[in-house]
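Here is a brief report on the packing inside one protein chain. Keep the sequence and the structure in view while reading.

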Amino acid sequence: METKYLLPRVWDVPQVFRDRLGSRVGRQRVMVADGHLLLVLHVPPGPDQTERLGRFLWRKPDGTWMSNDLGSGSHVVGKHLDQFAKTIQDCDAQEEQATTAEDYFAVLEHLAPTLRTAKNLHAVLQEARQACPDDRDLINFRDRAYEIERTAELLQTETKRSWDLLMARKADEQAKAGRRMAASAHRLNQLAAFFFPIAALSGILGVNLTHGLEALAPPQPFLAFVAIGLISGLILMAFVAAANRN
């Protein structure tokens, strides 16, 4: 019952086709029996779609094509290929508008399963071409499938290159920001070293100089205090700068 659900019940296909199908579509492949050709294909996957949806294209011995969801006629294979071309075109437009790493990652995430499906589709049509060497349409379908696969590969390569370039720019910006932060930290260390002696002396003696020095002329002790602090600050700042250079 599950295999009859995969193939339309009204299809008068060889029973071997139904017997070879399981409860799921499985991989893309070709089935040939008694002049009948069955293509088990996958619908182009959508973003974040993990389960592959199946599509069945049946070629009768007289060359008539039938599908389970695209109607009938020789154009059904072309319609299937059109969907892949449209998906890749959408990914290309999305890649052109991408400006962030998340945008490029979204394109690659959608393009990767599409490319895998397109590669397998090309292999299936090549096998179908060998099974029906007199069908000229299958040659065209196979060649177009190769073009779709090649376009997807080129788009994936270009998207990866753009993503790598963006990551390189981000890394360079981060390196520059790191250097600016290091320079700022260096200047801060120099300022801290310059004022540290004054702060230390102020903490030890107090800026009011109530240590007997107040009996002297008032400006001289304070000026000496400031001079000693500044000279010590310059010495300590030079020491910090030399340590940072090393």
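## Gly 78

Is Gly 78 buried or exposed? This is a predicted model. Gly 78 has a relative accessible area of 15%. The cut-off for buried is under 20%, so Gly 78 counts as buried.

Gly 78 belongs to helix 3. Setting aside neighbours within four places in sequence, Gly 78 contacts Phe 141 and Arg 144. Asn 140 is 62 residues away from Gly 78 in sequence. In space, their C-alpha atoms are 9.5 Å apart.

## The largest nonpolar core

The largest nonpolar core has 28 residues. Leu 37, Leu 39, Trp 65 and Leu 81 touch the most other members. At least two residues each come from strand 2 (36-42), helix 3 (75-97), helix 4 (101-131) and helix 5 (136-205). Helix 4 gives the largest share, eight residues.

## Trp 65 and its contacts

What does Trp 65 touch beyond its neighbours within four places in sequence? Its contacts include Leu 37 and Leu 39. Also among them are Leu 57, Trp 58, Arg 59, Val 76, Val 77 and Leu 138. Asp 135 is another of these contacts.

## Asp 135

Asp 135 sits in the loop between helix 4 and helix 5. Its relative accessibility is 9%, so Asp 135 counts as buried. Leaving aside neighbours within four places in sequence, Asp 135 contacts Arg 59 and Trp 65.

A polar atom of the Asp 135 side chain lies 3.0 Å from the backbone nitrogen of Asp 137.

Definitions and conventions
Residues numbered from 1 in each chain as written. Predicted model: local features only at pLDDT ≥ 70, side-chain atom pairs only at ≥ 80, totals over all residues. Heavy atoms only, no water. Core = buried A, V, L, I, M, F, W, Y, C linked by side-chain atoms within 4.5 Å. Buried < 20%, exposed > 50% of the residue type's maximum accessible area, 1.4 Å probe, protein only. Helix = DSSP H or I, 4+ residues; strand = E, 2+ residues; numbered from the N terminus. Contact = heavy atoms within 4.5 Å. Polar contact = N/O pair within 3.5 Å; in protein donor to acceptor, adjacent residues only side chain to side chain.
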